[in-house]
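Hi,

Here is the structure I promised to pass on.

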Amino acid sequence: MLTIYSDDHHLHHGRCELMDGQLMPCFEMPSRADHVLERVKARALGPVEAPQDFGLAPILRIHSPAYLEFFKGAWERWTEFNRDGDLLPYTWPARTLRTVMPTSLHGQLGYYSFDGGAPITAGTWQAAYSAAQVALTAQADIQRGARSAFALCRPPGHHAAGDLMGGYCYLNNAAIAAQAFLDQGHKKVAILDVDYHHGNGTQSIFYERSDVLFASIHGHPEAEFPFFLGYEDERGEGAGAGFNFNYPLPAGSGWDTWSAALEQACGEVQRYDADVIVVSLGVDTFKDDPISQFKLDSPDYLALGKRIAALGKPTLFVMEGGYAVAEIGINAVNVLEGFQSAQ
């Protein structure tokens, strides 16, 4: 299995995020991708290559021009304040406020953010841009005929909507790759999101479309981030009605409960009969993850990979979450090895 990886992810290293009433060191850190890469090489999963540069055009198929312009220029505007800390929002257009576009940097940052967990640093734009190119390069490998590929993306992407950042995410790598498949002739793409947190950005991007089926297994939003999306009754709207499937589970769920939801999700993916599958591969479902509440163990990820392989479709794995840094490489690569062993 080909792995696509870029060292550019090191350019994004936030100092802090707002969580539980305090500024904390970021759980989303460069060592996450470093550990996965080390494991890919140690297990001889396959070749590791740098991404090609497909430019902004495929990213603009998912994200609005105004959002990208803001994101790309935010750090330079921040330096004009002579500050050297991370750029984080401190106000948002909540329900009783108008959703107008202010002229100030902080007002615009609040408009384009939904939480205080996506710090912008000097290298964040380049890291996120390169992560999107990682996903697009892995997608191109499958487009050329490969049965699988692994996009080792960092920062992750599934919380990013068309014009919204948050949850450590800035550009939606999985959505960008899915759209590229469609633009290159495929008729139907399925996105299976196995991250602990609901892929709210991916859902919102495709919620009114029938050419992308979205299925997500995640912590119940009644008690888990992102709180305001990911309920079972969200089934899609308009042309997308019946093509969105959420499987929210309670804290403490182990493999038996989680795998039952996986079977339901895989059943929907199989019925949809997509041309290709994109997996938002989060391994923060691990029992020792510091910000998640499921109880999967490392061998369970082998079984997950085998179940995805049983769908019998070309499959692109896109790295998302996972914050138990010491085990992230083992767990992510177990999914990939499980997939390969069942081919």
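This is a predicted model: local features need pLDDT of at least 70, side-chain atom pairs count only at pLDDT 80 or more; totals for chains, interfaces and linings use all residues.

(Buried means under 20% relative accessible area, exposed means over 50%, and partly exposed is in between, with a 1.4 Å probe and protein chains only.) Ala44 lies in the loop between α1 (30-42) and β4, and its phi is near 50 degrees, a positive value in a residue other than glycine.

Residues are numbered from 1 along each chain as its sequence is written, and side-chain values use heavy atoms, with hydrogens and water left out. As for the element names, helices (H or I, at least four residues) and strands (E, at least two) are DSSP runs, numbered from the N terminus.

The sheet

Eight strands make up an open sheet with parallel pairing, in the order β4-β1-β5-β10-β9-β6-β7-β8. (Two strands pair if DSSP finds at least two bridges between them.) At the edges sit β4 (48-49) and β8 (244-249), each of which pairs on one side only.

Strand β6 (residues 189-193) runs parallel to strand β7 (residues 212-219), and five bridges join them. Asp193 has Ser216 as its bridge partner in β7. On to the next pair: β7 and β8 are also parallel, over six bridges, with His218 opposite Pro248 in β8.

How many residues of β8 are buried? Six of its six are, so β8 is mostly covered. In a regular strand the side chains alternate between the two faces of the sheet. For β8, both faces are covered: Asn244, Asn246 and Pro248 are buried on one side, and Phe245, Tyr247 and Leu249 are buried on the other.

The loop between β7 and β8

Two things here are worth a look on screen. The peptide bond from Phe225 to Pro226 is cis, with omega near 10 degrees, and Pro226 is in the loop between β7 and β8. Phe227 is in that loop too. Phe227 has a positive phi of about 70 degrees although it is not a glycine, and with a relative accessible area of 37% it is partly exposed.

Helices α3 and α5

Two packed helices are described by the angle between their axes and the distance between the axes. For helix α3 (residues 65-79) and helix α5 (residues 124-143), the axes come within 8 Å and cross at roughly 130 degrees. That makes α3 oblique to α5. (The axes are lines fitted to C-alpha atoms, for helices over the stretch in contact, and angles run from 0 to 180 degrees between N-to-C directions. Angles under 35 degrees count as roughly parallel, over 145 as roughly antiparallel, 65 to 115 as roughly perpendicular and the rest as oblique.)

Which residues meet there? Leu68, Phe71 and Lys72 in α3 meet Thr124, Trp125 and Ala128 in α5. By class, this contact between α3 and α5 has four nonpolar, one polar and one charged residues. (Ala, Val, Leu, Ile, Met, Phe, Trp, Tyr, Cys and Pro count as nonpolar, Asp, Glu, Lys and Arg as charged, and the others, Gly among them, as polar.)

Around Ala127

Ala127 is found in helix α5 and is buried, with a relative accessible area of 1%. Leaving aside neighbours within four places in sequence, Ala127 is in contact (heavy atoms within 4.5 Å) with Asp8, His9, His12, Arg154 and Pro155. A cis peptide bond joins Arg154 and Pro155, with omega about 0 degrees. Pro155 is in the loop between β5 (148-151) and α6 (173-183).

Cysteines

Cys153 counts as buried at 1% relative accessibility, and Cys169 is buried at 0%.

One last residue

Glu337 is in helix α10 (residues 325-341). At 17% relative accessibility, Glu337 counts as buried. Beyond neighbours within four places in sequence, Glu337 is in contact with Arg43, Leu45 and Leu302.

Cheers
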